[in-house]
Amino acid sequence: MKKILIAFTASLFALAGCSKDDNGGNGGGTGTEAAVLSFPENNSECTTGTEVSATQSKVNFQWAAAPGAQTYFVYVKNLDTQSTLQFSAGANTSLEITLIKGTPYSWYVNTNKAGGTTVASAVWKFYNAGNGVTNYAPFPADAVSPAMSSTIYGPTITLQWDGSDLDNDIVDYKVYMDTNANPATLAGTVTTETLPNVAVASGGTYYWKVVTTDGAGNTTASPVYQFKVF
């Protein structure tokens with residue numbers, strides 16, 4: 001993902017100057033049985049961390065205790081690579097994790113309870129701070145409809161997704177969809193988070209993705225989503 005460097009600020013031991021746009025959650029369990037996430041805040045521009053190297057910093061993940069919890073597992077996804085790592089926090093409600101600077105992440109906490117019950121928290125997104133002030137590329141769009149691996153009716157459908165950008169300067173969304181696992185056919189370019197009247201064939205398996213462009217020219221591709229048609 002491309003970032004445009006606007007200014008550089010040196011820091012030996014800490015990353016600072018953090019702010020957030022929204023403290024809401026996306027997906028996951030949001031009831032009283034799940035852990036309630038606290039830090040890093042959702043859609044935060046940067047986080048305060050401890051410097052590890054020129055490219056890495058330690059971030060202290062924090063959440064409120066869930067009732068009946070025995071152990072917690074923290075899942076952190078690198079949104080550039082779509083790779084997810086799992087970390088055990090034991091019975092603690094915080095955990096330091098070393099991350100790459102200047103990189104977008106999502107995270108959530110699984111709470112393990114007696115009897116083998118597992119409850120997932122909401123999923124939050126944030127950027128781990130880099131060495132300076134930047135214009136951030138958009139977060140990858142999340143599919144809303146059709147849901148991943150769902151089966152739906154045609155002959156036309158509406159594609160929907162959630163897009164977000166810390167700078168609030170999204171210009172447009174380009175939607176690619178076809179029957180190839182890596183879709184390359186442009187289905188449409190829109191400024192809203194929906195593309196209506198997309199033609200599909202009965203019995204087909206389709207793949208789609210959304211490429212988000214912001215005002216600085218940064219582009220971010222979503223994961224490839226898949227659905228079938230009755």
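## An all-strand predicted chain

The chain has zero helices and 20 strands. Helices (H or I, at least four residues) and strands (E, at least two) are DSSP runs, numbered from the N terminus. This is a predicted model, in which local features need pLDDT of at least 70 and side-chain atom pairs count only at pLDDT 80 or more, while totals for chains, interfaces and linings use all residues. Residues are numbered from 1 along each chain as its sequence is written, and side-chain values use heavy atoms, with hydrogens and water left out.

**Confidence and overall build**

Mean pLDDT (the predictor's confidence in each residue, from 0 to 100) is 87 for the chain, and 83% of residues reach 70 or more. Residues 1-31 have pLDDT below 50, yet this stretch has 88 contacts in the model beyond near neighbours in sequence. Contact means heavy atoms within 4.5 Å. Where pLDDT is low, the predicted coordinates should not be read in detail.

Of the 230 residues, 40% count as buried. Buried means under 20% relative accessible area, exposed over 50%, partly exposed in between (1.4 Å probe, protein chains only). Among contacts with a separation of 6 or more, 67% come from residues 24 or more positions apart.

**The β12-β14-β17 sheet**

Three strands form an open antiparallel sheet in the order β12-β14-β17. Two strands pair if DSSP finds at least two bridges between them. β12 (139-145) and β17 (194-199) are the edges; each has a single partner strand, so one side of each lacks a neighbour in the sheet. β12 and β14 (residues 156-164) pair over four bridges. Ala143 stands opposite Trp161 in β14.

Gly163 also lies in β14. Leaving aside neighbours within four places in sequence, Gly163 contacts Ile170, Tyr173 and Glu193. Its C-alpha atom is separated by 7.7 Å from that of Thr212, 49 residues apart along the chain.

**Aromatic pairs**

The structure holds 13 aromatic pairs. Rings of Phe, Tyr and Trp (its six-membered ring) pair if their centres lie within 6.5 Å; planes under 30 degrees apart count as stacked, over 60 as edge-to-face and the rest as tilted. Tyr127 and Phe139 form a tilted pair, 5.1 Å centre to centre with 40 degrees between the planes. Tyr127 lies in β10 (residues 124-128) and Phe139 in β12, so the pair ties together parts twelve residues apart in sequence. Both rings belong to residues listed here:

| Residue | Relative accessibility | Class |
|---|---|---|
| Tyr127 | 0% | buried |
| Phe139 | 1% | buried |

Elsewhere, ring pairs link Phe61, Tyr105, Trp107, Trp124 and Phe126 into a cluster.
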